[in-house]
Amino acid sequence: MARLIFLGAPGAGKGTQAKVLAEFSHIPHISTGDILREAVAQKTPLGEKAQGFMDRGELVPDQLVIELMRERLSRPDAKLGWILDGFPRTVTQATFLDELLTEINQPYDQAVNLEVPDDVLVARLLGRGRKDDTEDVIRKRLQVYREQTAPLIDFYKRRHKLVSINGNVPPDEVTAELKKFV
Ligand code: AMP
């Protein structure tokens, strides 16, 4: 049983590591980015609202993501634990998450920050080839990360819940470090 929040810039390896670690620990990997991309592909009302923001590299409005997470975390499989990847991304979302987890009596264990230098992030994102991985959108997403998401590092530090991990080493070494927390 583990409840972990993965922090880190776009390209830090959150998605890859969250997936591996979730499979290893038999708990769900909950990625708001994956859920939103699926909603866009299925052309659901959520997807239609989210698409423009995602294409521009901006954050989808807090309220939409909060509602989606409230629903996702209340499903039975979430009782086993989880790894959150890409949520929370703003202080508003983090505050909501604290309140929700207190309400459902499922406190998180740690927020894990994957640290990777900026030039490595850009090179990784350019090599990834996702629809929102063009150079302009990458620049925008990194700016949004610095302005809106990086403050969460202090948010969790103040709560004595932050662990920082060097994400600029081979993926297997990152995974080995992360396994210490599950
Ligand atoms: P990701 O796959 O985590 O890089 O997310 C891809 C895109 O989905 C982001 O650039 C945002 O537009 C949107 N997104 C994902 N998670 C969130 C979130 N927690 N809050 C707002 N927007 C999000």
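A: Thr-32, Arg-37, Glu-58, Gly-86 and Gln-93 come nearest among the 15 residues around the ligand, where being around it takes a heavy atom within 4 Å. Quick caveats: this is a predicted model, with local features needing pLDDT of at least 70 and side-chain atom pairs pLDDT 80 or more, while totals for chains, interfaces and linings use all residues. Numbering runs from 1 along each chain as its sequence is written, and side-chain values use heavy atoms, with hydrogens and water left out.

Helix α2 (residues 32-41) gives the largest share of that shell, four residues; helices here are DSSP runs of H or I, at least four residues long. Sorted by class, the shell has five charged residues (Asp, Glu, Lys or Arg), four polar ones (Gly counts here) and six nonpolar ones.

Now the polar contacts, meaning pairs of N or O atoms within 3.5 Å. Arg-37 puts a polar side-chain atom 2.9 Å from a ligand oxygen. The backbone does its bit too: a polar backbone atom of Val-60 is 3.0 Å from a ligand nitrogen, and a backbone N or O atom of Gly-86 lies 2.9 Å from a nitrogen atom of the ligand. On its own the ligand has 480 Å² of accessible area, and the protein covers 95% of that (Shrake-Rupley, 1.4 Å probe).

Technical notes: A polar contact is a pair of N or O atoms within 3.5 Å; within protein, one must be able to donate a hydrogen and the other to accept it, and residues adjacent in sequence count only if both atoms are side-chain atoms. Helices (H or I, at least four residues) and strands (E, at least two) are DSSP runs, numbered from the N terminus.
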